[in-house]
Amino acid sequence: MSSIRRSLFMSMVLFSGVVTCAQAIPRYVASSLHDMPNAMVDGINNAGQAFGTMHEGRDYFVASNGVLSIFRRQMHIVTSIDVNDAGVMLYEKKLRYTDGSTVDVAEDSYAINNHGQVAASLGRVGAGGPNNYAALISPGRGTLLAGIDRAWNHPMDINDHGVMVGYSIRRGTFPTMYANGQSRLLETYGDGEGYARAINNHGFAVGETGGYAALWNPDGSLLVNLGEMLKARFGSDDPDFYSTAYGINNVGEVVGEYGRFNGFLYSGGELYDLGEIASGFTGAVVGINDQHQIAVRGWGSSYVLNLAGPRVQPVPEPSSYTLLPAGLLALALLRRRKG
């Protein structure tokens with residue numbers, strides 16, 4: 001068994017244990033990102049740095065531990081901003097390192113991982129093939145292109161293994177994964193259209209398809225139809241019920257929206273309405289980090305939701321104990337094959 005397949009296999013075993021555990025209801029409190037007019041938070045990294053644009057898009061900001069840094073916009077248009085866990089920033093066609101040095105990258109760049117690799121969209125190279133490419137840019141080491149044939153390809157996020165997710169446009173908009181120079185349409189439902197908006201380091205991706213929030217396996221198959229779960233619980237009488245997932249952390253927690261500006265958290269196999277478990281919640285959820293912090297784009301300002309107390313460890317339900325032998329068997333088989 002290859003190292004990649006072994007990692008995916010173990011990820012599935014571990015993830016299956018997560019989603020079958022019951023846990024105490026988490027409680028969150030809102031923490032302001034300072035008095036920032038029209039702040040539009042775009043995300044939050046594992047160092048707790050929230051980032052986005054402010055002053056009606058005229059500036060970029062990074063807020064961390066009570067310290068606010070503002071970066072004046074130089075270009076005539078607002079570009080995407082992303083910040084990895086080391087504090088390396090991506091915006092305005094450049095990587096900006098903590099020592100102040102910069103490296104030029106592609107114009108349409110959307111995300112950066114912890115190895116400094118960038119997810120970008122590049123114009124078509126040569127005749128035929130995709131109309132444009134999803135590009136994995138490794139500064140100083142080259143660019144790897146991928147794309148669905150005769151389609152426009154747009155990555156939206158990248159994990160630390162260089163796997164990108166986003167969407168491709170060809171007679172419709174479809175959730176797509178780009179890995180190792182290859183492209184794969186993710187499993188869909190409803191009308192088949194949608195977006196893959198975020199991916200974690202285990203290869204699980206989230207977004208929406210057919211107007212419903214979705215959680216995908218690393219192989220592109222649908223793992224959880226979050227939209228149907230949300231509709232059954234919160235909107236069974238609404239024929240136009242809509243939901244989408246915006247973020248997933250490495251623990252497997254998912255955040256997103258449903259209905260009309262309602263936020264949700266999917267954790268330990270349970271769905272929670274953020275309006276019920278988060279004091280002062282109002283706005284649009286945009287991301288979650290490994291410390292369980294949730295970034296929210298509010299009305300006129302943005303803030304972070306922090307756990308009100310220590311994280312309560314999930315309590316296995318009786319059915320989940322049956323996973324222990326399966327996990328031990330998987331380890332034994334891997335060790336035997338290795339031998």
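The questions and answers below concern a predicted model of one protein.

Q: Which strand has the highest confidence in the protein, and which the lowest?
A: The model is predicted, and the mean pLDDT of the protein is 83, with 80% of its residues at 70 or more. Confidence is lowest in strand β31 (residues 315-316), where the mean is 42. The highest mean, 98, belongs to strand β19 (residues 194-199).

Q: How many contacts beyond near neighbours in sequence does the stretch of residues 3-20 have in the model?
A: The mean pLDDT of the protein is 83. Over residues 3-20, pLDDT is below 50. It is also below 50 over residues 313-325, a stretch with 15 contacts beyond near neighbours in sequence. For residues 3-20, the number of such contacts in the model is 30.

Q: How many helices and strands does the secondary structure of the protein come to?
A: The protein has 339 residues, and buried residues make up 48% of them. Among contacts between residues at least 6 apart in sequence, 42% join residues at least 24 apart. The secondary structure comes to four helices and 31 strands.

Q: Why is the pair of Tyr167 and Tyr195 edge-to-face?
A: The structure holds six aromatic pairs. Planes over 60 degrees apart count as edge-to-face. The ring centres of Tyr167 and Tyr195 are 5.0 Å apart, and the pair is edge-to-face because the planes stand at 75°.

Q: How many residues apart in sequence are the parts that the pair of Tyr167 and Tyr195 ties together?
A: Tyr167 is buried at a relative accessible area of 19%, whereas Tyr195 is partly exposed at 29%. Tyr167 belongs to strand β16 (residues 164-169) and Tyr195 to strand β19, so the pair ties together parts whose separation in sequence is 28 residues.

Q: Which residue has its charged end over the ring of Tyr195?
A: A charge sits over a ring only if NZ of Lys or CZ of Arg is within 6 Å of the ring centre. Here the charged end is 5.0 Å from the centre of the Tyr195 ring, and it belongs to Arg197.

Q: What is the angle between the planes of Tyr189 and Tyr212?
A: Tyr189 lies in the loop between β18 (182-185) and β19, and Tyr212 in strand β21 (residues 212-216), so this pair ties together parts 23 residues apart in sequence. Tyr189 is buried at 15% relative accessibility, and Tyr212 is buried at 18%. The aromatic pair is tilted, with 6.0 Å centre to centre and planes at 55°.

Q: Which residues of β24 point the other way from Val254, Gly256 and Tyr258?
A: In a regular strand, side chains alternate between the two faces of the sheet. Strand β24 (residues 254-258) is mostly covered, with five of its five residues buried. Val254, Gly256 and Tyr258 point one way, and the residues that point the other way are Val255 and Glu257.

Q: Which residue stands opposite Val255 in β25?
A: β24 pairs in the antiparallel sense with strand β23 (residues 243-248) over five bridges, and there Val255 is the bridge partner of Gly247. β24 also pairs in the antiparallel sense with strand β25 (residues 262-267), over five bridges. In β25, the residue opposite Val255 is Leu265.

Q: Which residue takes a positive phi in the hairpin of β24 and β25?
A: The hairpin of β23 and β24 has five residues between the strands, and Gly252 there takes a positive phi near 100°. The hairpin of β24 and β25 has three residues between the strands, and the residue with a positive phi, near 60°, is Gly259.

Q: Is Arg171 buried or exposed?
A: Arg171 lies in the loop between β16 and β17 (173-179). Its C-alpha is 8.5 Å from that of Ala151, 20 residues apart in sequence. Over 50% relative accessible area means exposed. At 87% relative accessibility, Arg171 is therefore exposed.

Q: What separates the C-alpha atoms of Thr282 and Tyr303?
A: Thr282 lies in the loop between β27 (278-279) and β28 (284-288) and is partly exposed at 37% relative accessibility. Leaving aside neighbours within four places in sequence, Thr282 is in contact with Val296, Gly298, Trp299 and Tyr303. Thr282 and Tyr303 are 21 residues apart along the chain, and their C-alpha atoms are separated by 9.8 Å.

Definitions and conventions:
Residues numbered from 1 in each chain as written. Heavy atoms only, no water. pLDDT = per-residue confidence, 0-100. Helix = DSSP H or I, 4+ residues; strand = E, 2+ residues; numbered from the N terminus. Contact = heavy atoms within 4.5 Å. Phe/Tyr/Trp six-rings, centres within 6.5 Å; stacked < 30°, edge-to-face > 60°. Buried < 20%, exposed > 50% of the residue type's maximum accessible area, 1.4 Å probe, protein only. Lys NZ or Arg CZ within 6 Å of the ring centre and 35° of its normal. Pairing = 2+ DSSP bridges.
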